[in-house]
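The following note sets out, in numbered points, what may be read from the model shown below. A reader new to such models may wish to keep the structure in view while going through the points.

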Amino acid sequence: MTQHDPVRRRFLLGGAALGAGALLAACTSNESGGDNNNAQTQGNNNASPNANSAPGKKVTIGFSAPAADHGWIAAITSNAKAQAAEYSDVTFSTVEAGADAAAQRSALSTMISQKPDVIVLLPHDGKELNAFGLEAMKAGIPVVNLDRAFPDALAYRLQIKGDNYGMGVAAGNYIAAQMKAKGVSAPIIGEIAGIDNLELTQERTAGFNAALAANGMKVANRRAAQFTVDSGQAEMSQLLQALPKMDALWNHDDDQGIGVLAAANQANRKEFLMVGGAGSKAAIEAIQADNSVLKCTVTYSPSMASSAISLARLIAQGKGMSDLVELQVPKEIILASETITKENASTYLPLGFS
Amino acid sequence: MTGLPAQTAPAVKEALGGGPEPEGPRGNGWWKSDAGESTRRNLALIAVLAGLILIGIITKPDLYGQEGWWISNVWAILKLGSTVGVIAVGMTFVIIGGGIDLSVGAIIALAGVWSTTVATQEMGTFFMILTALTVGVGVGLINGFLISYGRLVPFIATLAMLVAARGLAAWISNKQTQQTDNRTINAIAAESFLGVPLLVWILGIVVLLGWVLLNRTTFGRRTVAIGGNVEAARLAGINVRLHTMMLYALAGLCCGIGAIMLTSIGTSAQAAMATNYELDAIAAVIIGGTLLSGGRGTIVGSLLGVVIFSTITNLFTLNALSSEVQNMVKGGIIVAAVLIQQFRFNSVSLFFKRNRVTAPS
């Protein structure tokens with residue numbers, strides 16, 4: 001008996017493992033049945049067709065963005081892909097940027113040797129990838145920098161980015177206006193920032209502080225999360241302990257905002273109003289439904305990736321933007337940060353990313 | 001174990017008794033003194049914790065003075081540490097057994113993402129929990145198999161798993177945040193039972209079971225034996241390979257539980273969840289007095305390590321201090337805790353040595 005038992009036990013264990021494996025493999029599906037096309041693109045199908053979108057010279061656009069680990073970056077990549085697919089004259093080639101600036105740099109070096117007509121990249125860090133921009137421009141390939149600016153003007157042909165400072169200003173102004181409307185003279189304001197050593201986070205905070213200061217207000221407590229849901233929840237849960245009564249909160253990122261909202265619900269706190277950042281679909285829907293503390297979000301839309309691809313195509317084809325007089329695409333475009341509230345949520349919902 | 005010839009028993013005693021370090025499940029007297037040592041270490045940790053709380057009371061008397069705030073803060077601290085606490089229990093076993101598991105954060109992400117796919121969520125709460133636990137144990141078994149039978153160094157095997165599991169999690173989730181509307185799952189982080197948050201219950205139960213498993217079962221004794229001296233343990237008739245594999249499966253199981261907790265806490269799962277949890281768990285275990293080389297450690301110490309870390313986070317938030325200072329302090333505390341423990345150990349043995357040398361003369 002004792003000799004055979006282990007064998008049988010092992011056999012049974014193996015069987016159970018196989019069964020569990022088969023069962024589990026069946027549940028990795030993420031098909032929701034609904035439409036999965038969340039991309040925000042601007043194509044040929046407009047009511048008033050744009051002369052620029054008519055097929056022109058065939059161009060190859062090289063694209064690189066950090067490996068997406070959260071919604072916003074994922075939306076950047078999918079938007080870029082979807083926008084490129086709108087054009088019959090664009091060949092879209094993409095390299096994964098890996099885990100850090102060094103990995104992205106080496107991935108991009110191989111891209112230079114493939115000689116695309118134009119490179120669109122969202123760098124891990126603009127300063128660290130500045131040298132790559134110079135290298136590519138020197139090799140005669142125009143570089144479109146998406147969102148994380150290069151310090152050196154020679155390193156890019158076009159820089160298109162969101163307005164981080166303006167985002168903070170928009171959030172600060174909204175909160176200040178709401179507080180004044182409610183008659184709160186010295187409001188207690190909290191802030192949940194994103195990854196603190198990114199320049200964009202510092203700019204957002206600077207804008208937020210400036211707007212509040214202009215209204216005689218200031219942030220009582222600021223925590224920095226990691227742009228992930230669980231980090232947002234963790235920071236918020238402690239912030240709520242530090243501020244037993246809070247009037248307003250700005251959370252920099254709607255994806256981490258899922259965790260921030262969860263923490264507020266778990267602590268049963270409803271006395272404050274919350275402003276989000278970026279403009280995710282879930283956040284815009286919550287604002288529209290008006291059943292949570294989230295009353296507003298300030299945009300930092302990943303639709304900029306679609307625009308970057310469109311502009312990269314124009315650069316490669318030597319065309320300008322049709323609404324401008326100039327014959328070439330401008331060198332720098334900074335998108336305005338828009339404020340989404342219950343009143344205009346329906347307009348912005350199609351631009352929300354998931 | 002089963003097929004072992006009876007005549008190895010004397011050899012076992014010889015190996016254990018004759019070894020340079022009198023460690024092992026049946027060694028004479030070591031258990032008593034070691035138990036005393038860990039109690040002393042844990043008391044030191046409790047003193048650190050009390051100091052941190054005291055600093056909190058001194059710097060924020062207005063908050064501590066508020067009705068009911070104090071207890072809510074205790075729950076907030078424990079809830080903050082609950083997930084790391086659960087995986088630290090599994091990590092304690094792995095480290096006592098002479099290994100290391102760098103993949104715990106990645107396993108949480110994989111289990112969390114796998115259990116919140118649309119397909120899994122449709123099958124209901126029970127199946128979500130089952131999926132998280134099965135994925136956790138499964139990945140743990142793969143880790144253990146690679147280490148035990150594939151003879152990979154634990155550091156390398158679990159480092160590979162860290163990368164691979166996050167990759168798979170990102171692939172399954174398509175890099176999206178997967179929210180869950182499942183009320184039962186979401187209630188875990190929101191509800192209390194008998195005034196104690198469910199997360200704290202889970203932490204408490206896991207710690208209790210871990211303590212019993214480590215201190216009151218042969219499984220625990222064998223873990224200590226393997227970590228103390230693999231060769232002696234093998235000669236003692238312990239199936240070292242199978243046991244090591246089980247240790248990683250246990251760590252995986254803890255990650256499965258942690259994945260459910262963290263999913264509930266954030267009402268969602270994503271491939272980037274539980275980032276750096278492996279480092280938090282390892283740091284807590286080391287601060288708790290567990291030897292990184294294995295063979296000694298306590299569950300209570302690991303729990304204290306976790307609670308100290310969340311108390312620091314809480315303390316810094318209460319005083320609105322920035323996270324960079326907080327990280328520096330955390331780093332300092334890791335070094336200080338280990339230094340203090342080393343210093344105490346050395347000075348005690350030095351003291352004895354000196355006495356023995358000076359007494360006859």
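1. The predictor's confidence in each residue is expressed as pLDDT, on a scale from 0 to 100. Helices (H or I, at least four residues) and strands (E, at least two) are DSSP runs, numbered from the N terminus. In chain B, confidence is lowest in helix H1 (residues 8-18) of chain B, with a mean of 39, and highest in helix H10 (residues 198-215) of chain B, at 94.

2. This is a predicted model, in which local features need pLDDT of at least 70 and side-chain atom pairs count only at pLDDT 80 or more, while totals for chains, interfaces and linings use all residues. Residues are numbered from 1 along each chain as its sequence is written, and chains are lettered from A and ligands numbered from 1 in the order in which they are written.

3. Chain B has an average pLDDT of 83, and 84% of the residues score at least 70. Over residues 1-32 of chain B, pLDDT stays under 50. For that stretch the model has 38 contacts beyond four places in sequence; two residues are in contact if their C-beta atoms, placed from the backbone, lie within 7 Å. For the complex, the predictor gives an ipTM of 0.79 and a pTM of 0.79.

4. How many residues of chain A are in contact with chain B? There are 41, and they meet 44 residues of chain B. The largest share of the side of chain A that touches chain B comes from H7(A), with 9 residues. By class, this side of chain A has 17 nonpolar, 18 polar and 6 charged residues. Here Ala, Val, Leu, Ile, Met, Phe, Trp, Tyr, Cys and Pro count as nonpolar, Asp, Glu, Lys and Arg as charged, and the others, Gly among them, as polar.

5. Chain A is divided into domain 1 (56-162 + 302-319) and domain 2 (164-299), the bounds coming from an automatic or database domain assignment. The C-alpha centres of the two domains lie 31 Å apart. Contacts join 4 residues of domain 1 of chain A to 7 residues of domain 2 of chain A. On the domain 1 side, these residues divide into 1 nonpolar, 3 polar and no charged.

6. One open sheet of chain A has 6 strands in the order S2-S1-S3-S4-S5-S11, with parallel pairing; two strands pair if DSSP finds at least two bridges between them. Strand S2 (90-96) and strand S11 (332-335) of chain A are the edge strands, each pairing on one side only. Strand S1 (residues 59-65) and strand S3 (residues 118-121) of chain A pair in the parallel sense over 4 bridges, and the bridge partner of Phe63(A) in S3(A) is Val120(A).

7. A further open sheet of 6 strands in chain A runs S7-S6-S8-S9-S10-S12, with mixed pairing. S7 and strand S12 (339-341) of chain A stand at the edges with a single partner strand each, so one side of each has no neighbour in the sheet. Strand S6 (residues 189-193) of chain A pairs with S7(A) in the parallel sense over 5 bridges, and Ile189(A) stands opposite Val219(A) in S7(A).

8. The unreviewed UniProt entry places the feature "transmembrane region" at several spans of chain B, including residues 152-172 and 245-265. UniProt positions are given in the numbering used here, feature names are shortened, and annotations may be inferred rather than shown by experiment. In the model, residues 152-172 of chain B are 90% helix and 0% strand, with end C-alpha atoms 27 Å apart. Residues 245-265 of chain B are 100% helix and 0% strand, and their end C-alpha atoms lie 30 Å apart.
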